[in-house]
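User: I want to go through this model term by term. Please set each value against its definition.

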Amino acid sequence: QVQLVESGGGLVQAGGSLRLSCAASGSIASISVMGWYRQVPGKQRELVASITRGGSSNYADSVKGRFTISTDNAKNTVYLQMNSLKPEDTALYYCHARLRSEGDVYYQTYWGQGTQVTVSS
């Protein structure tokens, strides 16, 4: 059974920083992409940043230059360093991974349980 466990959310003042972590565990054969999405009540979940196993990253325009995604492939862990936080970054942040479990042929999408980030003005 594959699990994604997030940590690092919390309350921070505008201009501050937070670092989110997400560790994938279980019978994992291969990971192709890991990333972070966020969602506020009443809105669709949106991509914040993603990174391939090879290190290619992609960011939402709203976070470019402020957020940095990185991975520790040996630990199957993805990080999101969030700097210069704004109140509009307030959301529930979800870890995402596209991976293949041991014994499986196809890649599947997995989600973490979400971690709240609140930025006060």
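User: What pattern does the chain follow, read along the sequence?
Analyst: The pattern is β-β-β-β-β-β-β-β-β-β-β. This is a predicted model: local features need pLDDT of at least 70, side-chain atom pairs count only at pLDDT 80 or more, and totals for chains, interfaces and linings use all residues. Residues are numbered from 1 along each chain as its sequence is written, and side-chain values use heavy atoms, with hydrogens and water left out.

User: How many helices and strands are in the chain?
Analyst: There are 0 helices and 11 strands. Both are DSSP runs numbered from the N terminus: helices are H or I with at least four residues, strands are E with at least two.

User: What makes the chain agree with a compact globule?
Analyst: The radius of gyration is taken over C-alpha atoms, and the globule rule is 2.2 Å times the number of residues to the power 0.38. For 121 residues a compact globule would have a value near 14 Å; the chain has 14 Å, so the two agree.

User: Why is Leu20 called buried?
Analyst: Buried means under 20% relative accessible area, exposed over 50%, partly exposed in between (1.4 Å probe, protein chains only). Leu20 has 0% relative accessibility, so Leu20 counts as buried. Leu20 lies in strand β3, residues 18-25.

User: Which residues does Leu20 touch, not counting those up to four places away in sequence?
Analyst: Contact means heavy atoms within 4.5 Å. Among the partners of Leu20 are Trp36, Tyr79, Leu80, Met82 and Tyr93. Leu20 and Tyr79 are 59 residues apart in sequence, yet 5.5 Å apart in space, C-alpha to C-alpha.

User: What makes Cys22 and Cys95 a disulfide?
Analyst: The term requires a pair of cysteine sulfur atoms within 2.5 Å. For Cys22 and Cys95 the S to S distance is 2.0 Å. The structure holds 1 disulfide. Distant parts of the chain are linked: Cys22 is in strand β3, Cys95 is in strand β9 (residues 91-101), and they are 73 residues apart.

User: Are Cys22 and Cys95 buried or exposed?
Analyst: Cys22 has 0% relative accessibility, so Cys22 counts as buried. Cys95 also has 0%, so Cys95 counts as buried.

User: Which residues touch the most other members of the largest nonpolar core?
Analyst: A nonpolar core is a set of buried Ala, Val, Leu, Ile, Met, Phe, Trp, Tyr and Cys residues joined through side-chain atoms within 4.5 Å. Of the 30 residues in the largest one, Trp36, Leu80, Met82 and Tyr93 touch the most other members. The largest share, 5 residues, comes from β9.
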